[in-house]
Amino acid sequence: MESSEEDDDFPSIESITSQSKIDSSYQSHTEKGIRKVCCELLDLKDAVENLCGNMQTKYLAFSRMSEEVVEMEHELVELRKHISAQGILVQDLMTGVCRELEEWNSANGNIGDCQQDPLVDELQSSLLSDADNGNIGDCQQDPLVDELQSSLLSDADNRKAIFLENIDVLLAEHKVEEAVEALEAEEKNCPELKGPGDTSSMELSSYRSAFLKRKSMLEDQLIEITEQPLVSILELKKALSALIKLGKGPLAHQLLLKSYGSRLQKSIELFLPSCSVYPKTFPATLSRLVFSIISVTTKESGLIFGDNPVYTNRVVQWVEWEIEYFVRLVKENAPSSEKLFALGTASNCVQASLTYSSMLESQGLKLSKLLLVLLRPYIEEVLELIFRWARRAALDVTEIDESSLLSPRSMSPLSAFATLSDSVLVDSGMKFMDIIEDILAQLTPMAVLHFGANVLTRISQLFDKYMDMLIKSLPGPSDDDNLTELKEVIHFRAETDSEQLALLGLAFTILDELLPLAVIKVWSLTNESKELESENIVPNASITAELKEWKRSLQHSFDKLRDHFCRQYVLTFIYSRQGKTQLNALIYLSGEGADLYWDSDPLPSLPFQALFSKLQQLATVAGDVLLGKEKIQKILLARLTETVVMWLSEEQEFWDVFEDESVPLKPLGLQQLILDMHFTVEIARFAGYPSRHVHQIASAIIARAIRTFSARGIDPQSALPEDEWFVETARTAINKLLLGTSGSDTSEIDEDHIIIHDEMVSDSDETASSLSSIESFKSFASANMGELDSPVYFTDPEG
């Protein structure tokens, strides 16, 4: 039993298949499968090749059939045209036959003995009977007439149907030119088609409706052609001409403007992204785009539509819209107005647009006034912001950058006024001129011509502010140590005579040399500009007037600085450090002796001797500081002399002393006062700056003194010598003071050496000499200097 169980668990070795047999069996199956797959792939390849060959064959057949269809379509079109022509020929033939029958009938009716054709007789009798019985509704018409009429009507209907079919074919093939010609020809053949729509015949009304429908379809096709974005100029002209032929002239003109407007819009859209790359010059390119389209549109409108005022007005209106759009684009894409080259952008816009607009005047378009009206607010806004920036930059001396100065210090005319202690003054002047030159460099000839007056006004305002800043650098009546905390921060102060003269010389150099040179350099380019010739403008006249007014304004601003210096200089001379006046009426009351005429050595009073010495010292300093600028030296010395006599003339407290009845007067005092006045006039004449104004004021003082002394009982006829004596005495005194031969060293006299007798000064004198009188001095110190007798004209008499 055990052996049988083991046999079941372990079969005999004979039943086990060998590995080699298994390998050979699988190998044979694999080869068969591969062969079968290869055969199927070959069959599939043959099928694909057959399919490709069939497709190619069928495609070639399809191509041939397509070509045949196209040829058949052309043949059908030609056949339709031929049938239409044959129908027209048949209709014309039938019309001619009827006309011949009528003529034949009328000719045979006049010949009684002539034998007629039986067919003609029958036709004629039928027509006559039909005419006689036309109003009888139940009358039986002749069959021959009915047949003829029906034949004629059917031929007309066929012709109309053929025409409409021909128009449909032309519309389907977009042959608009042929369709327009066919419609024009049909309207000529049938005038009823142009008339009103209330036709009596139903057939004609239906035909007219069909005709107008196809005409409207043709108009739609033409409009579609004009609105295509890539339509050529030639195709646009053909479409517009076709619309004009169809009687749609206003629509055609509107489409013309719309087409060119869209072209301009696309060009602008392509250009605008580059505006930020060329912020200063982009208005010139934009102007060229806009005005070139305007020019082409105007020319094409004239060629296509002629000189019709209606169309011309529409072109002008369209041009105005485009100009407004152009100005708006410039404003929107211009750089910030606070930047300096924003003025260059605006100037280039004015230059380019006005130049192109002048070219369009030959086409009847005058756009310059419209452009100026639209550009003026923009230009004025830019100028306002630019000069606001310039005012901040020019007056802020704390931000002066040496590297930003365009001209080297050694080459600037202002460098001659540089002091050893401080160079802020010269740096501020150079910075001021650099700013002005940078602004002027942005201007173009057209901008100067139309907006130059505005620019000059703003330059004069900026110069006036600069003069105010320099005035604050000079000593003033409010210079008090107790008030320093209330005063503005002043970055430089001119304390000494040389510093003050340097400040005045710098201001005068800017006024007289640098500013006019910078402006004339730019304004001369306007005179030489060829663009102005087309506008028939004579720029010299207007520009000369503008420059004269501008120089007058600059002179007025400088006069404020000059008068402030002279006023403070004279007040410093007249008033002592204790606030007492050193030039008062007491010096004409304390004289000893009976008559100045008999004095062996008559001299002016000590204050006027000190004045002479002071002016001599100032002239010496001015000769060193203002070397080579004799003009400003004479202006200052003349104004100083004039300020002294003006103060004496206007100081009422000085004259109150003479009018006081309790104060005794002597002829010697009158003689001394008159000698002092002649001495003052001779000082100015001797120094080379004789002023008629000084002479007039001195004469007025002398006349007032004579009247005052005469009222107090002094006879001027007996008390006063001849005028020649005073003149000679004044001249002799000048020589003595210069040579130092007067017995006392008067050539060295200054304000500290003047002796006032204490016993002659009362309490009221201290009040009269107080600083409160300074305010009253402003009324005359700010007056204008009169014209000098010297050949050099220093100041404007109108001031």
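A: Let us begin with burial: a residue counts as buried when its relative accessible area is under 20%, as exposed when that area is over 50%, and as partly exposed in between. Please keep in mind that this is a predicted model. As a case, Phe 432 and Tyr 466 are both buried.

Q: How many aromatic pairs does a search of the whole structure find?

A: Two rings are taken as a pair if their centres lie within 6.5 Å. By that rule, the search finds 17 aromatic pairs. One of them joins Phe 432 and Tyr 466: the ring centres are 4.7 Å apart and the planes meet at 15°, so this pair is stacked. The pair links distant parts of the chain, with Phe 432 in helix H13 (residues 424-441) and Tyr 466 in helix H14 (residues 445-472), 34 residues apart.

Q: What are the angle and the distance between the rings of Tyr 588 and Phe 658?

A: The angle between the planes decides the class: under 30 degrees counts as stacked, over 60 as edge-to-face, and the rest as tilted. The rings of Tyr 588 and Phe 658 have planes at 55° and centres 6.5 Å apart, so the pair is tilted. This pair, too, links distant parts of the chain: Tyr 588 lies in the loop between helix H16 (539-574) and helix H17 (606-625), and Phe 658 lies in helix H19, 70 residues apart. Tyr 588 counts as buried at 2% relative accessibility, and Phe 658 is buried with a relative accessible area of 0%.

Q: Which residues do ring pairs link into a cluster?

A: The cluster consists of Tyr 588, Phe 654, Trp 655, Phe 658 and Phe 709, linked by ring pairs.

Q: How many salt bridges does the structure hold?

A: Side chains of opposite charge can pair when their charged atoms come close. The structure holds 22 salt bridges. In one of them, Asp 168 is joined to Arg 214, and the closest N and O atoms are 2.8 Å apart. Asp 168 lies in helix H4 (residues 143-172) and Arg 214 in helix H6 (residues 202-226), so the pair ties together parts that are 46 residues apart in sequence. Asp 168 is partly exposed, with a relative accessible area of 31%, whereas Arg 214 is buried at 16%.

Q: Where do Glu 549 and Arg 552 lie, and how many residues separate them?

A: Glu 549 and Arg 552 are three residues apart in helix H16, which means that about one helical turn separates them. Their salt bridge brings the closest N and O atoms to 2.9 Å. Glu 549 is partly exposed, with a relative accessible area of 49%, and Arg 552 counts as partly exposed at 29%.

Q: Are Arg 639 and Glu 642 buried or exposed?

A: Arg 639 counts as buried at 0% relative accessibility, and Glu 642 likewise counts as buried at 0%. The two side chains meet in a salt bridge of 3.0 Å, N to O. Both residues lie in helix H18, three residues apart, or about one turn of the helix. They also belong to a network of salt bridges that links Asp 559, Arg 562, Asp 563, Arg 639 and Glu 642.

Definitions and conventions:
Residues numbered from 1 in each chain as written. Predicted model: local features only at pLDDT ≥ 70, side-chain atom pairs only at ≥ 80, totals over all residues. Heavy atoms only, no water. Phe/Tyr/Trp six-rings, centres within 6.5 Å; stacked < 30°, edge-to-face > 60°. Helix = DSSP H or I, 4+ residues; strand = E, 2+ residues; numbered from the N terminus. Buried < 20%, exposed > 50% of the residue type's maximum accessible area, 1.4 Å probe, protein only. Salt bridge = Lys/Arg side-chain N within 4 Å of Asp/Glu carboxyl O.
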